[in-house]
Amino acid sequence: MIKSILGTSAIAIAAALPAVAQEVDRTGWPSSFTVGTASQGGTFFVYGSGYANLISEELGVTGGAEVTGGPMQNMALVHTGEAAMGMTTMGPAQVSIAGQSPLAPGLEMTNVCAHFPMYETPFHAVALASSGITSLSEIPAGSRIGFGPAGATADVYFPEMLTALGIEFERRNGGWNDLGGQMQDGLIDVIGFAAGVPIPQVAELEASNDVNIIEFTEEEQAMMTEMFPVANFEIPAGTYSTLTEPARAVSMWNFAIVNCDLPESFVYEATRVIMEDNERMMQIHSSAATTVFENWDKNTVIPWHPGAARWFTENGADIPADMIKQ
């Protein structure tokens with residue numbers, strides 16, 4: 001078990017018997033690995049635990065998911081080698097590589113490589129129906145808003161978005177499960193999520209409360225896409241039981257990442273396992289519908305690991321040479 005230098009805990013997943021053909025070169029392969037995810041109750045944790053287990057079973061290497069503060073912290077953990085693998089979002093990845101991470105100012109996290117495309121992270125908010133809040137503009141000044149763990153994608157960007165929209169609020173941080181409990185206890189008014197949908201904590205809130213899924217207006221979308229590295233997104237009707245019609249949001253792409261020092265053959269096989277079994281990935285989380293070859297080009301920030309790049313180029317990707325880690 002790898003212990004994080006940033007104080008996270010780990011959830012172990014036992015490896016199954018090796019399923020890789022004997023002719024695969026295992027020189028330098030790790031005896032175990034961890035995948036940096038995020039707090040329990042969020043999509044990163046569910047998705048990351050699942051794909052760690054899948055790689056572990058298929059390659060016969062002990063693997064597990066590690067509870068972390070999310071994308072920004074995962075960049076640091078993977079860069080230092082505290083976690084072999086992880087999950088991040090394009091915005092946090094960009095600032096971390098540039099040495100602008102609030103967790104380690106000045107440290108250029110250049111030993112992080114792209115592994116495979118995951119899904120888009122939509123930004124949207126949730127409030128109890130009893131609050132009467134049905135839109136962002138209706139959030140009262142001074143409202144207590146939870147943005148997930150400090151340094152997570154929601155915490156980095158959502159407060160800036162709301163400030164740009166002229167919304168005054170009190171900022172709260174915590175794991176998604178904790179924030180959900182605080183909302184039910186009346187300690188916070190709104191939760192601003194940035195995670196793949198459906199978000200487990202929202203579904204849990206819906207099970208015992210009437211909730212409002214708060215979307216962006218078209219004007220708010222236009223402002224956000226102008227100011228931040230996001231794109232328009234539509235949360236499909238039925239994603240949550242509360243959502244009877246599609247909801248407007250803005251989103252940011254997520255990618256799986258690996259430490260660049262991992263052996264090429266190991267990362268190639270791990271990439272193959274994930275990308276060639278989308279049915280299994282969909283069983284892990286429905287957001288994996290976009291964990292497909294065609295979305296390799298959504299990465300414009302992180303250099304590719306040579307092992308991952310080899311699988312994608314063999315399958316038709318045209319990855320520029322300067323985007324592959326040398």
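**Exercise 1. What percentage of the 326 residues of the protein count as buried?**

Solution. The model is a predicted one, in which local features need pLDDT of at least 70 and side-chain atom pairs count only at pLDDT 80 or more, while totals for chains, interfaces and linings use all residues. Residues are numbered from 1 along each chain as its sequence is written, and side-chain values use heavy atoms, with hydrogens and water left out. Take buried to mean under 20% relative accessible area, exposed over 50%, and partly exposed in between, with a 1.4 Å probe and protein chains only. By this criterion, 57% of the 326 residues count as buried.

**Exercise 2. Describe the overall fold and extent of the protein.**

Solution. Begin with secondary structure, where helices (H or I, at least four residues) and strands (E, at least two) are DSSP runs numbered from the N terminus; the protein has 10 helices and 11 strands. The radius of gyration, taken over C-alpha atoms, is to be set against the globule rule of 2.2 Å times the number of residues to the power 0.38. The protein has a value of 19 Å, close to the 20 Å that the rule gives for 326 residues, so it is as compact as a globular protein of that length. Along the principal axes, the C-alpha atoms fill a box of roughly 60 × 40 × 35 Å. Finally, with contact meaning heavy atoms within 4.5 Å, 76% of the contacts between residues at least 6 apart in sequence join residues at least 24 apart.

**Exercise 3. Which residue does R172 join in a salt bridge, and how accessible are the two partners?**

Solution. The partner of R172 is E170, with the closest N and O atoms 2.9 Å apart. R172 has a relative accessibility of 27% and counts as partly exposed, and E170, at 39%, is likewise partly exposed.

**Exercise 4. Locate the salt bridge between E269 and R272.**

Solution. The side chains of E269 and R272 meet at 2.7 Å, N to O. Both residues lie in helix α8 (residues 264–275), 3 residues apart, which is about one turn of the helix. E269 is buried, at 9% relative accessibility, while R272 is partly exposed, at 26%. Elsewhere among the salt bridges, shared partners join E264, R310 and E314 into one network.

**Exercise 5. Identify the buried residues of helix α3 and the elements they pack against.**

Solution. In α3, which spans residues 90–97, the buried residues are M90, G91, P92, A93 and S96. These buried residues pack against α2 (71–80), β4 (85–89), α4 and β11 (247–259). After the helix comes G99, whose phi is positive, near 80°.

Notes. A salt bridge is a side-chain nitrogen of Lys or Arg within 4 Å of a carboxyl oxygen of Asp or Glu.
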